[in-house]
Amino acid sequence: MATTTHDTTWSPDSWRSKPIVQDVTYEDQEHADRVVNKLNRLPPMVSTTEIEKLREQLKQVALGNSFLLQGGDCAELFDYCSQDPIEAKLKVLLQMSLVLTWGARTSVVRIARMAGQYAKPRSKPTEIYEGQEILSFRGDNVNGFDPKDRKADPDRLLGAYFHSAATLNYVRTLLDSGFADLHSPSNWNLSHVRSDAVRGEYQSIVTQLTDALDFMGTVGADTSNATANNALTSVDFFVSHEALLLEYEASLTRHLTSPSTRSKKWYNTGAHFLWIGDRTRQPDGAHIEYIRGIENPVGLKVGPTTEPDKLVEILNRVNPNKEIGKVTLITRFGADKVEKHLPQHIEAVRNAGHIPVWVCDPMHGNTKNASGGVKTRHFVDIIQELSQTFRVHKQCGSKLNGVHFELTGDSVTECVGGSMDLTDEDLSTNYQTYCDPRLNYEQSLDVAFLIAKYYQN
Ligand code: PEP
Ligand code: MN
């Protein structure tokens, strides 16, 4: 595995000679340079072994042997780096993956949008606030959400590193301490879930699972022995973010020895998985140039404006050796556009000889304004995009390999519908997001149950 050969035209900084969109300009460039020098010296947050392990697992996902669950905030804030939000997010992702594993009888690869998902692309560089034109909020690693704090501050890049590291450290601590142990799924109680149906369905999985583990204990298969049965007591958990601020990404890109081939390769050591967003995927642009040189598995958002031949051009550039599962294609068309676009993309990719991980992001093509003016997404549209995507893949002789959600473990009110039946009027009760609307805890479990059902059909 991981045999990408590099042409000598790539380096962690070769993107600098390409046209770039969504970049950030700092007033004091010397200050920015000092920060980047410091970042260059900070230690890796993830290891080459973990990166190659994820790459191997994604190969299995691309081959249809496992399912990918990717999810987390649209924009993480530095303030989310705190015990309760981290535990809540880890818990909801683990509960969703338990529902999927049990309901769909498939192993699940978990990648959180977490520990680094700070930078946001914006549709406009400025916005109007109290009659004044001010810079848009670009994410906590660029500027502040407070309208008075919109100047890009290079020290926020260091903030991103340290908040990512602290978040990841706590995730690792929780997992090392048995947070994911299937022998105590009561750790994952269903506080905040109001719907009796969701509670009942989840509880029934936990009861069946506990019975199965008890039975194995009774017949002498000691399932509580961690070394004998690691899969039951611990899980692999990976982190990801959008590779948007290339100065930051390049500063964490290191030339390290591959554990599998023993040769030196370039790894982004700030996350296991990086993706390129819908606004920065120009085939000749800086972001595609950067991402093509790293060994990490990478994602590409694919939208209704992605032309199939351009997609193939990007794939050939990013994955010239056509390694299975190296690239994850995250489609986000909008519920009513799947039928029109997805078949062409599947056909073009297949004809070009690529075998990607096909993932559906049913969030980004379905954003609407609620009656009060806030951004929302309707649960029915999300479910429709998911079910259409499952169906179209099947019709085309392909398979949907995973899902990508904006979600949170908290009981926010940002998306309409779900088993809680939230309405436009409910949105103001606990609308928290600083960027796109997320599924709340209960809505996240709702979609996990539905996916498990679609997957079986
Ligand atoms: C996102 O994932 O938050 C995002 C901005 O998505 P996209 O690039 O697909 O619009
Ligand atoms: Mn988003």
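Predicted model: local features only at pLDDT ≥ 70, side-chain atom pairs only at ≥ 80, totals over all residues.
I'll start with the helices. Two packed helices are described by the angle between their axes and the distance between the axes. Here the pair is α11, residues 379-395, and α12, residues 441-456. Their axes come within 11 Å and cross at roughly 25°. Angles under 35 degrees count as roughly parallel, so α11 is roughly parallel to α12. As for the hand, α11 and α12 make a right-handed crossing.

Which residues meet across this pair? On the α11 side they are Phe379, Ile382, Ile383, Leu386, Ser387 and Phe390. On the α12 side they are Gln443, Val447, Leu450, Ile451 and Tyr454. Sorted by class, the contact of α11 with α12 has nine nonpolar residues, two polar and no charged ones.

Next, the ligand. Around ligand 1 you will find Cys74, Pro121, Gly277, Asp278, Arg279, Lys301, Arg332, His364 and Asp436. How does that shell divide by class? Five of the residues are charged, two are polar and two are nonpolar.

Now to Lys59, which belongs to helix α2, residues 48-62. For a distance to another part of the chain, take Val108: 49 residues separate Lys59 from Val108 in sequence, and their C-alpha atoms are 13 Å apart in space.

Last, two backbone angles. Most residues other than glycine have a negative phi. Gln22 has a positive one, with phi near 60°. Gln22 sits in the segment before α1, which spans 29-41. Gln22 has 19 other C-beta atoms within 10 Å, so this residue is partly exposed.

Glu130 also has a positive phi, near 45°. Where is Glu130? Its place is the loop between β3, 126-129, and β4, 132-135. Glu130 has 6 other C-beta atoms within 10 Å, and with 12 or fewer a residue counts as exposed, so Glu130 is exposed.

Note on methods: Residues numbered from 1 in each chain as written. Chains lettered and ligands numbered in written order. Axes fitted to C-alpha atoms, helices over the stretch in contact; angles between N-to-C directions. Helix = DSSP H or I, 4+ residues; strand = E, 2+ residues; numbered from the N terminus. Parallel < 35°, antiparallel > 145°, perpendicular 65-115°, else oblique. Left-handed = near helix turned anticlockwise from the far one by under 90°. Contact = placed C-beta atoms within 7 Å. Nonpolar A, V, L, I, M, F, W, Y, C, P; charged D, E, K, R; others polar. Near = placed C-beta within 6 Å. Buried ≥ 20, exposed ≤ 12 C-beta atoms within 10 Å, placed from the backbone.
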